[in-house]
Amino acid sequence: MAIRKQTQPGEGLALEPERQRTKPPPLYKVLLLNDDYTPMEFVVVVLERFFRMSREQATVVMLKVHRDGRGVCGVFPRDLATTKVEQVAAFAQRHGHPLACVMEEN
């Protein structure tokens with residue numbers, strides 16, 4: 001869309017582009033939830049594999065999950081967050097662990 005603007009009195013009309021600001025899409029936190037059955041090492045593997053964390057980063061997040069009951073794995077657009085949650089759930093199920101992964105709006 002363009003706005004017509006008179007540049008000087010007596011001159012013709014010029015077209016200037018209208019600037020529209022688009023709002024960025026909402027972001028979602030992906031969280032792991034603590035349980036009494038999933039081994040800590042498995043949680044570290046999940047964080048390394050699906051969230052591309054180093055062993056040190058994954059250990060810090062795993063300990064947060066263990067101590068606080070939940071830990072943030074990352075913040076993503078909705079589609080990517082949904083995919084991560086589904087991948088982690090399927091991987092945990094294949095390995096016989098009840099590890100829960102959820103997302104919430106940031």
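Helices here are DSSP runs of H or I with at least four residues, strands are E runs of at least two, and both are numbered from the N terminus. On that basis the protein chain has three helices and five strands, and from the N terminus on they come in the order β-β-β-α-α-β-α-β.

A word on the ground rules. This is a predicted model, with local features needing pLDDT of at least 70 and side-chain atom pairs counting only at pLDDT 80 or more, while totals for chains, interfaces and linings use all residues. Residues are numbered from 1 along each chain as its sequence is written, and side-chain values use heavy atoms, leaving out hydrogens and water.

Let's start with the sheet, where strands pair if DSSP finds at least two bridges between them. Strand β3 (residues 27–33) has β4 (residues 70–77) as an antiparallel partner, with seven bridges; L33 sits opposite R70 there. β3 also runs antiparallel to β5 (residues 100–105), joined by six bridges, and Y28 finds its bridge partner in E105.

Now for K84, in helix α3 (residues 78–94). Buried means under 20% relative accessible area, exposed over 50%, and partly exposed in between (1.4 Å probe, protein chains only). K84 is buried yet has no salt bridge, and E86, the nearest side chain of opposite charge, is 12 Å away. For that, Lys and Arg count as positive and Asp and Glu as negative, with His and the chain ends not counted; a salt bridge needs a side-chain nitrogen of Lys or Arg within 4 Å of a carboxyl oxygen of Asp or Glu. So what does K84 touch, leaving aside neighbours within four places in sequence? Taking contact as heavy atoms within 4.5 Å, the answer is V30, F50, F51 and F76.

Contacts across the chain tell a related story: among those with a separation of 6 or more, 64% are between residues 24 or more positions apart. Of the 106 residues, 28% count as buried.

V72, in strand β4, is partly exposed at 38% relative accessibility.

Finally, look at the loop between α1 (40–51) and α2 (55–68), where you'll find R52. R52 has a positive phi, near 50°, without being a glycine. Most residues other than glycine have a negative phi. R52 is also exposed, with a relative accessible area of 75%.
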